[in-house]
Amino acid sequence: MEARDLRIGQGMDVHAFAKGRKLIIGGVDIPHHQGLDGHSDADVLTHAIMDALLGAARAGDIGKLFPPTDPAFKDADSIKLLEHVAAHVRSLGFEIIDIDSVIAAQAPKLSPHRDQMRANLAAAMGIPVENVGVKATTTEHLGFEGREEGISATAVCLLARCSG
């Protein structure tokens, strides 16, 4: 087996619920009585994945790349931002090998949307859908997620330096 320069990245994001906003997770508009608060569309899962990718490439974080003070990113589609991050990671000489993620939310139920989330994320990164893992869990009514104050997500990724 050929030795490769592999990199692991970890990302995390948290957003509080806010009335009057859509709930977008993994690029899916999920029916719910409130959405997540944030400068962009507040897609907590996609943000965690972007930070994992940028971390593995040692390229900062999404706050550096897409500052929340920049009006250009107000209500931005995070899937489009992920496309930009994936292209940036490739421009630094890396191939995206694998993504795994966990969303923590007491409500709404996310498992019916998992396959579409995986498809959206894979398409944005230009990788096979089987290389994108998305899991959802409750926190058994513990913490801010359990009190239904917001949603968190964590992600890990594996990058390989392209040869040649």
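Predicted model: local features only at pLDDT ≥ 70, side-chain atom pairs only at ≥ 80, totals over all residues.
I count two residues as in contact when heavy atoms lie within 4.5 Å.

**Entry 1: Met125 and its partners**

I left aside the neighbours within four places in sequence and listed what Met125 is in contact with: Ile49, Leu53, Leu82, Ala86, Arg90, Ile96, Ile99 and Val132.

**Entry 2: the core**

Which residues touch the most other members of the largest nonpolar core? They turned out to be Leu53 and Met125, in a core of 47 residues. I then checked which elements supply at least two residues each: among the helices I noted α1 (44-56), α3 (78-91) and α4 (114-125). On the strand side I wrote down β2 (23-25), β3 (28-30), β5 (94-104), β6 (132-137) and β7 (150-161). The largest share comes from α1, with nine residues. As a reminder to myself, nonpolar side chains in soluble globular proteins tend to be buried together.

**Entry 3: the fold as a whole**

I counted five helices and seven strands. Reading along the sequence, I got the pattern β-β-β-β-α-α-α-β-α-β-α-β. I also looked at how far apart in sequence the contacting residues are: among contacts between residues at least 6 apart, 71% join residues at least 24 apart.

**Entry 4: size and surface**

What radius of gyration does the protein have? I found 15 Å, and this agrees with a compact globule because one of 164 residues would come out near 15 Å. Along the principal axes, the C-alpha trace spans about 50 × 35 × 25 Å. Buried residues make up 49% of the 164. For the accessible surface I noted about 8,100 Å², with 54% of it belonging to carbon and sulfur atoms.

**Entry 5: a stop at Leu92**

Where does Leu92 lie? I found Leu92 in the loop between α3 and β5. Is Leu92 buried or partly exposed? Its relative accessible area is 35%, so I put Leu92 down as partly exposed; buried would have needed under 20%. Not counting residues up to four places away in sequence, Leu92 touches Ala57, Ala59 and Arg161. Finally, I took the C-alpha separation between Leu92 and Gln34, which are 58 residues apart along the chain, and got 38 Å.

Technical notes:
Residues numbered from 1 in each chain as written. Heavy atoms only, no water. Helix = DSSP H or I, 4+ residues; strand = E, 2+ residues; numbered from the N terminus. Rg over C-alpha atoms; globule rule 2.2 N^0.38 Å. Buried < 20%, exposed > 50% of the residue type's maximum accessible area, 1.4 Å probe, protein only. Areas by Shrake-Rupley, 256 points an atom, 1.4 Å probe, with all protein chains shown as cover. Core = buried A, V, L, I, M, F, W, Y, C linked by side-chain atoms within 4.5 Å.
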